[in-house]
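I opened this model to look up its charged pairs, its sheet and its cores. The entries below follow the order in which I went through them.

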Amino acid sequence: DLDALATVATGDVQVVSRTLDDRWWVVAYAMDTSPTRYYLYNRQERQAHWLFTDRPALEQHPLATMHPVVLSARDGLRLVSYYTLPPGSDSNADGIPDQPVPMVLLPHGGPWARNAWGYHPYHQWLANRGYAVLSVNFRSSTGFGKAFINAGDHEWGGKIMEDQQDAVQWAMAQGIADPRAVAVMGG
């Protein structure tokens, strides 16, 4: 089934519902450059039938790619992160803008939460307005194991902040962020 579903659309596929006899599935494809797409999948025939998207108003608008990256904090802790560039800023599509651009660091709340790859309204809104956007799964973010969560114990305002500062330094060193134009907003 997963091999058949991989031919239907790009993105991360999820089975969101299914019939009791398991013949029919509703599947969703989460994407970074498109609203989530839903299909009705017939497991016997290995056929998917288009249903709808969750944000039809965005169907005809170009959305910016979200780039995944794993970067290192100053103490060597690996930080899964995501960044989005303004449309038109990366003419050769290598994930680095042609010249550094203003950037917004967008921390998630919590700290027991996390960022994930896919459509993110703030990434798209800010990129559409000319900003690179960087989201970092700093220590204490969920989904990376107990040791990663516990690495943030007693570090609110300490290493959690350093992780985000190190990510901004990484973005400047890569030529993504203009060092004279970095802001922060978020949870």
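**Entry 1: Thr-36**

I call a residue buried under 20% relative accessible area, exposed over 50% and partly exposed in between, using a 1.4 Å probe and protein chains only. The model is predicted, so I take local features only at pLDDT of at least 70 and side-chain atom pairs only at pLDDT 80 or more, while totals for chains, interfaces and linings use all residues. Residues are numbered from 1 along each chain as its sequence is written, and side-chain values use heavy atoms, with hydrogens and water left out.

Thr-36 sits in the loop between strand E2 (24-30) and E3. My helices (H or I, at least four residues) and strands (E, at least two) are DSSP runs, numbered from the N terminus. I then listed the contacts of Thr-36, leaving out residues up to four places away in sequence: Ala-28, Tyr-29, Ala-30, Phe-52, Thr-53 and Asp-54. Contact here means heavy atoms within 4.5 Å.

**Entry 2: Salt bridges**

How many salt bridges does the structure hold? I get 11, taking a salt bridge as a side-chain nitrogen of Lys or Arg within 4 Å of a carboxyl oxygen of Asp or Glu.

I looked up Asp-1 and Arg-46, whose side chains meet in a salt bridge at 2.7 Å, N to O. Asp-1 lies in the segment before helix H1 (2-5) and Arg-46 in the loop between strand E3 (37-42) and strand E4 (47-53), so this pair ties together parts 45 residues apart in sequence. Both ends are partly exposed: Asp-1 at 21% relative accessibility and Arg-46 at 43%. The two also belong to a salt-bridge network with Arg-18, Asp-22 and Arg-43.

Next I took Asp-166 and Arg-74, a salt bridge with its closest N and O atoms 2.7 Å apart. Asp-166 is in helix H4 (residues 159-173) and Arg-74 in the loop between strand E5 (66-72) and strand E6 (78-84), so the pair links distant parts of the chain, 92 residues apart. I note Asp-166 as buried, at 12% relative accessibility, and Arg-74 as exposed, at 52%.

Asp-75 is in the loop between E5 and E6, and Arg-139 is in the loop between strand E8 (132-136) and helix H3 (146-150), 64 residues away. Asp-75 is partly exposed, with a relative accessible area of 43%. Arg-139 is buried, with a relative accessible area of 3%.

**Entry 3: The sheet**

In what order do the strands of the open sheet run? I read 5 strands in the order E5-E6-E8-E7-E9, with mixed pairing; two strands pair if DSSP finds at least two bridges between them. E5 and strand E9 (177-184) stand at the edges with a single partner strand each, so one side of each has no neighbour in the sheet. On average, neighbouring strands of this sheet are turned by 30° against each other, direction ignored. Axes are lines fitted to C-alpha atoms, for helices over the stretch in contact, and angles run from 0 to 180 degrees between N-to-C directions.

I checked strand E7 (residues 101-105) against E9: they pair in the parallel sense over 4 bridges. Val-101 stands opposite Ala-177 in E9.

**Entry 4: Helices on the sheet**

Helix H2 (residues 121-128) lies across E5, E6, E7 and E8, at about 155° to E8. Its buried residues are His-123, Gln-124, Leu-126 and Ala-127, and what covers them includes E5, E6, E7 and E8. After H2 comes Gly-130, whose phi is positive, near 100°. H4 lies across E5, E6, E7, E8 and E9, running at about 145° to E8.

**Entry 5: Cores**

I define a nonpolar core as a set of buried Ala, Val, Leu, Ile, Met, Phe, Trp, Tyr and Cys residues joined through side-chain atoms within 4.5 Å. The largest has 19 residues, and those with the most contacts inside it are Tyr-83, Met-103, Leu-134, Trp-170, Ala-171 and Ile-176. E5, E6, E7, E8 and H4 each supply at least two residues of this core, and H4 gives the most, with 4 residues. Apart from this core lies another of 8 residues, among them Ala-9, Met-31, Tyr-39 and Tyr-41.

Last, I looked up Met-103: beyond four places in sequence, the residues it touches include Tyr-131, Leu-134, Val-168, Ala-171, Ala-177 and Val-182.
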